Amino acid sequence: MGDLFSFLIDFVLHIDEHLGEIIAAYGFLTHLILFMIVFCETGLVVTPFLPGDSLIFAAGAFATRGDLNLMVLWFLLLFAAILGDTVNYHIGKVFGHKLVKPDSRFIKQRYIEQTERFFDRHGGKTIILARFVPFVRTFAPFVAGIGRMRYSYFLSYNALGGFAWVTLFLFLGFFFGTMPIVEKNFSLVIFAIIGISVMPPIVTWLRARFAKNKKS
């Protein structure tokens, strides 16, 4: 498990190098590999550790160089994001109460609780906002399914959030990913993206902690 965690950390922080190696090895099939990674990150509740924001940003940068097709990427990643959340919602709806247990090895209770706090604070908009927050992004549709949110209501937020998430990071990578200052400091840029992404749950946790201490 430690080796896998180390590999994932290295993959994310040096995602430009690893993605370049994948493109060199698989060519156009890389589009489908990226589709599967985004789908699994959003659609399978047991894989929240897969890269999302950073991967899409890096893919946009490679599209600028002509190594990947921008519009094929945009369509496939958007479809993967919406389909992934849809599958995750139905997993939560059908199996959620059986899968979420205090001693679960794969679905950590603290991630579920963190996502539930997001729902308490933001309601249905959580499905949109969660797109930009690692881990919460994976668990939001799952929790929505457990709570049996009306599917038509969920789907509208799902589509809007998926469109905003994929479009923003893909085109940020496309327009800025090949700037000399970004290319020379790509790992720092990826680290900054991750840092900004995890700020909302940290702020939410701190507010809840402060409110709890204030009451006591």
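Mentor: Let's begin with His 31, which sits in helix 3, spanning residues 30–43. Helices here are DSSP runs of H or I with at least four residues, numbered from the N terminus. Keep in mind that this is a predicted model, where local features need pLDDT of at least 70 and side-chain atom pairs count only at pLDDT 80 or more, while totals for chains, interfaces and linings use all residues. Residues are numbered from 1 along each chain as its sequence is written, and side-chain values use heavy atoms, with hydrogens and water left out.

Trainee: Is His 31 buried or exposed?

Mentor: Buried means under 20% relative accessible area, with a 1.4 Å probe and protein chains only. His 31 has 2%, so the residue counts as buried. Across the protein chain, buried residues make up 45% of the 216 residues.

Trainee: Which residues does His 31 touch, leaving out those up to four places away in sequence?

Mentor: Touching, or contact, means heavy atoms within 4.5 Å. For His 31 the list is Leu 68, Asn 69, Val 72, Leu 73 and Leu 76.

Trainee: What lies 2.9 Å from a polar atom of the His 31 side chain?

Mentor: That's the backbone nitrogen of Asn 69. The backbone oxygen of Phe 28 also has a polar atom of the His 31 side chain 2.8 Å away.

Trainee: And how many helices and strands does the protein chain have?

Mentor: The protein chain has 11 helices and zero strands. Helix 9, residues 151–176, is one of them and holds Thr 167.

Notes:
Helices (H or I, at least four residues) and strands (E, at least two) are DSSP runs, numbered from the N terminus. Buried means under 20% relative accessible area, exposed over 50%, partly exposed in between (1.4 Å probe, protein chains only). A polar contact is a pair of N or O atoms within 3.5 Å; within protein, one must be able to donate a hydrogen and the other to accept it, and residues adjacent in sequence count only if both atoms are side-chain atoms.
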